[in-house]
Amino acid sequence: MAGIRDSSKQCFPLQDIKSVVSLFRTELTETTEPNLAMLSIATGIIENVFTSNRGGGPGSSSSDPEAIVGRAAVNNSGIVAAVAVAAAPVGIEPIFPVVELPSVEALYCKFETQIKGSVDLSDYKPGYATRGLIKKVSDIIWSSLTRSYYKEKAHLQSLFSYLTGNKLDCFGVAVAVVAACQILGYEDVHLALSEDHAWVVFGEDGTDTAEVTWHGKGNEDKRGQSIKLGVAEGSWLYLNDHPVVCDRRMEVAALVSAVNPSVSSSLDSIELASLQQDLMWLLYDLGHLKKYPMALGNLGDLESIDPTPGRPSTIELFEEAIAVAENDYDNHHVYPYTYLGGHLYRNYEYKKAMEQWAEASGVISRYNYNREDEEVYKEFMEIANDLIPYIVKTGSAGGAEAPMKVINDPECYGDFLRFYDGICLWEEGSTTPVLHITWAKRFIASLTRFSADIRELVEVESGRSCRFHLEEEGQGENGNDEDGREAKNEVKEEETEVKKEAKEEEAGVKKREDFNQNI
Ligand SMILES: CC1(C)CN=C(N2CCN(c3ncnc4sc(CCF)cc34)CC2)S1
């Protein structure tokens, strides 16, 4: 790796979105190998300026009435909240940090010196990387991280964070290892991504794998090991051997996708999100998102906040992500469906949301639940125990067309059962249980919201019997078999209890209303 190319140097200083896009375009089109370390440092510097709440740049103090809002931001309800920063006189463009070449070169040189200074290349054969080399590089990054820090914090994904604060999140460690191997000349080392983990592939045919970072909390890291065992367990974390295996340009897409515009839990930097959006469209046009469903999902989210005229819509991008997952990853990815389901839910398209969640559940049903799968467990928990209960309590099935209520729509009921069936099948054959009483209570509460005549309309076929279906199977071909009857009674008891609770709650409310009226 020969440092930063002249053609890229000419893009500096980076002082607006256009100059950053031209740097990425140069790296993506005019070079054999885009320089991951340099791009990660440059985006990290820009992200740091836009998201650290100490103002955006030179000029008078923010108490100065002349100070314009140098950096607008969007809070959760989409209201543009002004984040007053020290700024230039009124009327100038919003502040964009000026990133000079020397500041990027200095950090790049620091990284290159650290890596080349710590690996004695004479210990390793040139050509393809070995497991030993990769473990050595991972150790170098690992041992230079701050002893203890909050690993889930935002903005810890870039080499800027690593080189100025010795902090990286688990994804950032994996990217740093790949960027370091690139600097050492091992171009066969690439990033492999599941929906909640990252590792590397390497070797002559790029099929050797190695853990290079940790995962989750309280799990021993498995750095240096291959991911064979994880795959064998059938856990979602390793996607049953259907990860996104990146080439160099998809690694650039991962860097851009990981840009985090959040200023605080309730504010995003509009400029940083806009930069990220433009870079994602550049990568889209160059074809580097073609096999990267989550990047398409991220772009869809950005478009839902600030649509770009003449570009595919959010829904089209999410549907493209689903098509990629189906065609290139044997439909083993969950998130394309939860991206779309979440968007439909937020837009009151409850019937279509239910359909997507049933599809997502069909995907997870192909896995065995493992304790390291808690991220996707939380996704399904929120859908089952918050979103669906809200919908069946209030929701109408459609958006614009005549809003038939979800609870009177047999197709919604079918998707509702399909959703739970998939989760039961996920649990079957797993070492760790998925469902507990809250799931069952919410299931019964939601189930009983559907009108009885609708429930009779739906024929139920489940690949394998599971506890939620016993109630339906009890009315199956052989009438009331023992299991069905027993489970039916169990469900009935639960249903009675839930209804009793509901009645008490109503009574309680009534009493309070009466009380209030008598005040
Ligand atoms: C539908 C959702 C819950 C919304 N956001 C989601 N994500 C946001 C973006 N995510 C991602 N976006 C691009 N690339 C990657 S690689 C990776 C595994 C850790 F290395 C995660 C991830 C993770 C998932 S899924």
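How far does a polar side-chain atom of Tyr 339 lie from a nitrogen atom of the ligand? The distance in this model is 3.4 Å.

The model is predicted, so to read it: local features need pLDDT of at least 70, side-chain atom pairs count only at pLDDT 80 or more, and totals for chains, interfaces and linings use all residues. Residues are numbered from 1 along each chain as its sequence is written, and side-chain values use heavy atoms, without hydrogens and water.

View 1. A polar contact is a pair of N or O atoms within 3.5 Å. A polar side-chain atom of Tyr 292 lies 2.7 Å from a ligand nitrogen. For Asn 298, a side-chain N or O atom is 3.2 Å from a nitrogen atom of the ligand. The protein covers 75% of the 550 Å² of accessible area that the ligand has on its own (Shrake-Rupley method, 1.4 Å probe).

**View 2. The shell around the ligand.** Fifteen residues surround the ligand, each with a heavy atom within 4 Å of it. The closest are Phe 171, Ser 194, Tyr 292, Asn 298 and Tyr 335. By class, seven are nonpolar, five polar and three charged. Nonpolar means Ala, Val, Leu, Ile, Met, Phe, Trp, Tyr, Cys and Pro; charged means Asp, Glu, Lys and Arg; the others, Gly among them, are polar.

**View 3. Helices at the ligand.** Helices are DSSP runs (H or I, at least four residues), numbered from the N terminus. H11 (293-305) and H13 (335-346) each supply at least two shell residues. H13 gives the most, with three.

**View 4. H5 against H7.** Helix H5 (residues 131-143) packs on helix H7 (residues 170-183) at about 125 degrees, with axes 9 Å apart. Axes are lines fitted to C-alpha atoms over the stretch in contact, and angles run from 0 to 180 degrees between N-to-C directions.

Note on methods. Polar contact = N/O pair within 3.5 Å; in protein donor to acceptor, adjacent residues only side chain to side chain.
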